[in-house]
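Student: I would like to go through this structure term by term. Please set each value against its cut-off.

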Amino acid sequence: MGDKPSSGEILGIPYNFERPSLGRLLSSYWQPGKGMLVEKPFGIGYTLNLANWRSWLVLAVAGGLYYQQQSGGRDASGGNDEETDDGGDGPVEVIVDDD
């Protein structure tokens, strides 16, 4: 049996299972003149090209969303929303006026 290729494409998705050198690893994340996504130095798929400003925008948005999630989703005043001030998910009384 022949050797299986360690790099190539399957259904348009690149893969590379060759052991990366330090130079190839660093240069794969910084490729000026290329798009926002570049092939991963090891593994399957794509990664962010840190030489592209759009990648930094994606990282900033992801970091902001992570920070918001970790801070508990509080509003600017630091309190909870009015809808959650009732203390829980207890029963609600509904009054219907039949005129």
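Tutor: We start with the model as a whole, then take up strands, surface and side chains.

Student: How do you know how far to trust the coordinates?

Tutor: This is a predicted model, in which local features need pLDDT of at least 70 and side-chain atom pairs count only at pLDDT 80 or more, while totals for chains, interfaces and linings use all residues. Residues are numbered from 1 along each chain as its sequence is written, and side-chain values use heavy atoms, with hydrogens and water left out. pLDDT is the predictor's confidence in each residue, from 0 to 100. The mean for the protein is 84, and 82% of its residues reach 70 or more. Helix α2 (residues 53–70) has the highest mean, 96, and helix α1 (residues 22–29) the lowest, 89.

Student: What makes a stretch count as a helix or a strand here?

Tutor: Both are DSSP runs, numbered from the N terminus: helices are H or I with at least four residues, strands are E with at least two. By that rule there are two helices and five strands. Along the sequence the pattern reads β-β-α-β-β-β-α.

Student: How do you know that β1 and β2 are paired?

Tutor: Two strands pair if DSSP finds at least two bridges between them. Four bridges join β1 to β2, and the two run antiparallel. Ile-10 stands opposite Ile-13 in β2, and Glu-9 faces Pro-14 there.

Student: What makes β2 and β4 a pair as well?

Tutor: They have two bridges, in the antiparallel sense. The cut-off is at least two, so they pair. Asn-16 has Gly-43 in β4 as its bridge partner.

Student: Why are β1 and β4 called edge strands?

Tutor: The open sheet holds three strands in the order β1-β2-β4, with antiparallel pairing. β1 and β4 (43–44) each have a single partner strand, so one side of each has no neighbour in the sheet. In general, strands of a sheet pair through backbone hydrogen bonds, either parallel or antiparallel.

Student: What stands out about Leu-11?

Tutor: Leu-11 has a positive phi of about 55°, although it is not a glycine. It sits in the loop between β1 (7–10) and β2. That hairpin has two residues between its strands.

Student: Why is Leu-11 called exposed?

Tutor: Buried means under 20% relative accessible area, exposed over 50%, and partly exposed in between (1.4 Å probe, protein chains only). Leu-11 has 84%, so it counts as exposed.

Student: Why is Ile-13 called partly exposed?

Tutor: Ile-13 lies in strand β2 (residues 13–16). Its relative accessibility is 41%, so it counts as partly exposed.

Student: What makes Ile-13 part of a surface patch?

Tutor: Patches take residues with over 30% relative accessible area and no salt bridge; like charges are joined within 9 Å, and nonpolar side chains (Val, Leu, Ile, Met, Phe, Trp, Tyr) within 5 Å. Ile-13, Phe-17, Phe-42 and Ile-44 make a nonpolar patch of about 400 Å². Areas come from the Shrake-Rupley method with a 1.4 Å probe; for residues, only the protein chains shown count as cover. The accessible surface of the protein comes to about 8,600 Å², 56% of it from carbon and sulfur atoms.

Student: How do you know that Arg-24 and Glu-18 form a salt bridge?

Tutor: The rule asks for a side-chain nitrogen of Lys or Arg within 4 Å of a carboxyl oxygen of Asp or Glu. For Arg-24 and Glu-18 the N to O distance is 3.7 Å, and a salt bridge is assigned. Arg-24 is partly exposed at 24%, and Glu-18 is partly exposed at 35%.

Student: Why is Thr-47 called buried?

Tutor: Thr-47 lies in strand β5 (residues 46–48). Its relative accessibility is 16%, so it counts as buried. Of the 99 residues, 12% count as buried.

Student: What does Thr-47 contact?

Tutor: Contact means heavy atoms within 4.5 Å. Leaving aside neighbours within four places in sequence, Thr-47 touches Tyr-29, Met-36, Leu-37, Val-38, Glu-39 and Lys-40.
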